[in-house]
Amino acid sequence: METILFLSPTEAALSKNTLEALAAAKQLADSMGAPFSVGLWGDAPKAAADSIASCGAVKFFAVTGGDFAQARYATDAAAAEALCRAAGATIVIAPSGSRWNRISAGVAHRLGGRADSHVTGLSVSEGSPAIVRWYYRQRMEGILTRAQRPWLISLESGIAPAWPGAAGSAVVEDIACAPAGVRTEVTGIESPAADQQTIRPDADLLFVTGAGWTKKQPDGQTKVAEAEKLILGFLKVSRASLGSTKSLVDLHGEGQATLTFLTHMNQVGQTGSTPRHAKGLSTCCHGEEPHTVGWRFIGERRAISLDPNCGWARGKADVLYVADAFAVMEKVNSLLAQKA
Amino acid sequence: MPEYQIVVCGSVVPDPLQTLEPVTGPTGPALKNEMMLPAWLDPWAGHALYEAANLAAKNPGSKVWLVALGPKAKLQQAMMTLAQKVPVELVALDGSSSGFTDAAETAAALAEAIQAIPGIDRSKLLVFGGWESASRGAGATMQIVGEILGITDQFQGVDGIEAGGSLKILERIEGGRHQVSVCEAPPALLGWATGNLPEPRNNPQVGMANMRTIMPALQKAKPAKVAAEGVKFLSVSLPKQARDTKIVKDLSPDQIATEIADWITNK
């Protein structure tokens, strides 16, 4: 019989993504008739354990201490390894996130197992977990099972409803962990200024900008400054998250006039991110399949382009508006400001 | 000024502008006409290589190796372009670069090749690579390479490094932010995101110098058995998500804006 462990670092309150992964772990355990435990680590994980005390876990394990407050490989990997060993886990379910993604495969190696990341579906096939993940940058989807144990599975957000249960008082078994040779200190976080923060993972809407914003307009002139104003204005009134095509981001490195607030972190698509949002609006984008994978996981999609055959939109969007984005977005900003 | 030995791990991937279609081969899933697809160095490994060359150039006495795994013919194809970019010594491994192989097996082959590089000094060693590949996209290989080499100062999604006596490293975290860490000294492992450097211009002199070592390295490429032991693929398929796109051509900007604003605010 499999032994399932839900594993997560803790910082503040458990995130929505973490509660989704907890629900998926519980569902997997129920489907397989297997016991499941919870493993948490951090500065003070008891509060997090209490917040999910009624989740049905047979045991709660925790690695606690100031050393484990920092998101760094040496201490996080040691804590995760200790928790997996304490639980005797054969299947480990964890929410995807930068902290866990940094260590999952390394921890699996220490345990003699394997890890799979960016999992977007989880089911049971012939008594074993079966996972869905994407290959070649979201170009094709694979469903697979593994013989190796322990099997560490990192779940992307959105594959299960967040666990909705009540808090309580969890009985937590403390696991000793003393990582040796720690030579790295986390010294801070660099964030863009609040008014320049354009990446908002929790936003309902992804706004994708393409290179068309920097091209010559019908009067023969580029209007980059005006484009900046319209885009930032839209982000302000809509609270959307900003994505960009590679071609637009690359203009910056090539020394061409471009949108100053864009970085490679905004890039979506083949060599960028594939964010998850309920809605997506693309503007002035062009390109074919390799680039459009950037909105593979967007729910409702609309596009504005002067090209009715735009590869971003045909077969990919629900609605394509053949129009000048400058004119449309100016009016959209005005309407949204009125609604606000 | 410190000297570094920077080993960059990388593989080759199909040109992303090509149509990719999965087929079932004798050993599991593969790409249709895989050997016919033009190949280049994985984009994130490429960023890692350019950052490595930049760091080496700033620290005289430093050296860069590229440990690359892929079918020999594909590696040669990629190196024809790459050789003119940055000074590098190639260590070639002749094996599968398929995204359907297992990261652990790839990592084992890469780590063995790194350990076999003559004169590697752990006190100067920085292992670079892409934080993910454009094939498997798992973000697993570099972590396992680090574990095999006994490196527990690992960083993923790296966008910047400042190297002096210590290493100041910027890693991507959620919400478009960077975590700043300071590592006392090498050895360290960095899985690069995009970094901040543009692709270097071609330099024929660099190309000529590189080719003196690249061709012999390709000729003596060690076979690497890389598969996916223990993995059973139940299916691999292209997404069938074609949408019935409504084309709106004859509305004014004001009418379109009204539709869009209503759509955005309608939860």
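## A pair of facing residues

Strands here are DSSP runs of E with at least two residues, helices are runs of H or I with at least four residues, and both are numbered from the N terminus. Strand 9 (167-173) and strand 10 (177-183) belong to chain B, and seven bridges join these two antiparallel strands. Two strands count as paired if DSSP finds at least two bridges between them. Three residues lie between strand 9 and strand 10 of chain B in a hairpin, and G175(B) in its turn has a positive phi of about 75 degrees.

Strand 9 of chain B also pairs with strand 8 of chain B, in the antiparallel sense over five bridges. There, E162(B) has K168(B) as its bridge partner. A hairpin of three residues joins strand 8 of chain B to strand 9 of chain B. Is strand 9 of chain B mostly covered or mostly open? Five of its seven residues are buried, which makes strand 9 of chain B mostly covered. A residue is buried if 20 or more other C-beta atoms lie within 10 Å of its own, exposed if 12 or fewer do, and partly exposed in between, with C-beta atoms placed from the backbone.

## What kind of model this is

This is a predicted model, in which local features need pLDDT of at least 70, side-chain atom pairs count only at pLDDT 80 or more, and totals for chains, interfaces and linings use all residues. Residues are numbered from 1 along each chain as its sequence is written, while chains are lettered from A and ligands numbered from 1 in the order in which they are written.

The model scores ipTM 0.94 and pTM 0.90. Chain B averages a pLDDT of 95, and 100% of its residues score at least 70. pLDDT is the predictor's confidence in each residue, from 0 to 100.

## The two chains

Chain B has six helices and 14 strands, and its C-alpha trace spans about 70 × 45 × 40 Å along its principal axes. Of the 267 residues in chain B, 50% are buried. Among contacts in chain B with a separation of 6 or more, 77% come from residues 24 or more positions apart. Two residues are in contact if their C-beta atoms, placed from the backbone, lie within 7 Å.

Chain A has nine helices and 15 strands, and its C-alpha trace spans about 70 × 45 × 40 Å along its principal axes. Buried residues make up 55% of the 340 residues in chain A. A domain assignment, automatic or from a database, gives chain A a domain 1 (4-174) and a domain 2 (194-339).

## Where the chains meet

How many residues does each chain bring to the contact? Chain B gives 69 residues and chain A gives 81. Helix 6 of chain B gives the most to the side of chain B that touches chain A, with ten residues. That side of chain B divides into 35 nonpolar, 22 polar and twelve charged residues. Here Ala, Val, Leu, Ile, Met, Phe, Trp, Tyr, Cys and Pro count as nonpolar, Asp, Glu, Lys and Arg as charged, and the others, Gly among them, as polar.

Strand pairing also links the chains: strand 7 (residues 140-146) of chain A and strand 13 of chain B run antiparallel over six bridges. In this pairing, T145(A) stands opposite K232(B). R243(B) sits in the loop between strand 13 and strand 14 of chain B. R243(B) counts as partly exposed because it has 14 C-beta neighbours inside 10 Å. Leaving aside neighbours within four places in sequence, R243(B) is in contact with G315(A), K316(A), A317(A) and D318(A).

## The nonpolar cores

In soluble globular proteins, nonpolar side chains tend to be buried together. A nonpolar core is a set of buried Ala, Val, Leu, Ile, Met, Phe, Trp, Tyr and Cys residues joined through C-beta atoms within 7 Å. The largest nonpolar core has 140 residues, of which L83(A), I93(A) and V8(B) touch the most other members. Helix 3 (residues 73-87) of chain A gives the most to this core, with eleven residues. Apart from this core lies another one, of 43 residues, including A313(A), A317(A), I256(B) and I260(B).
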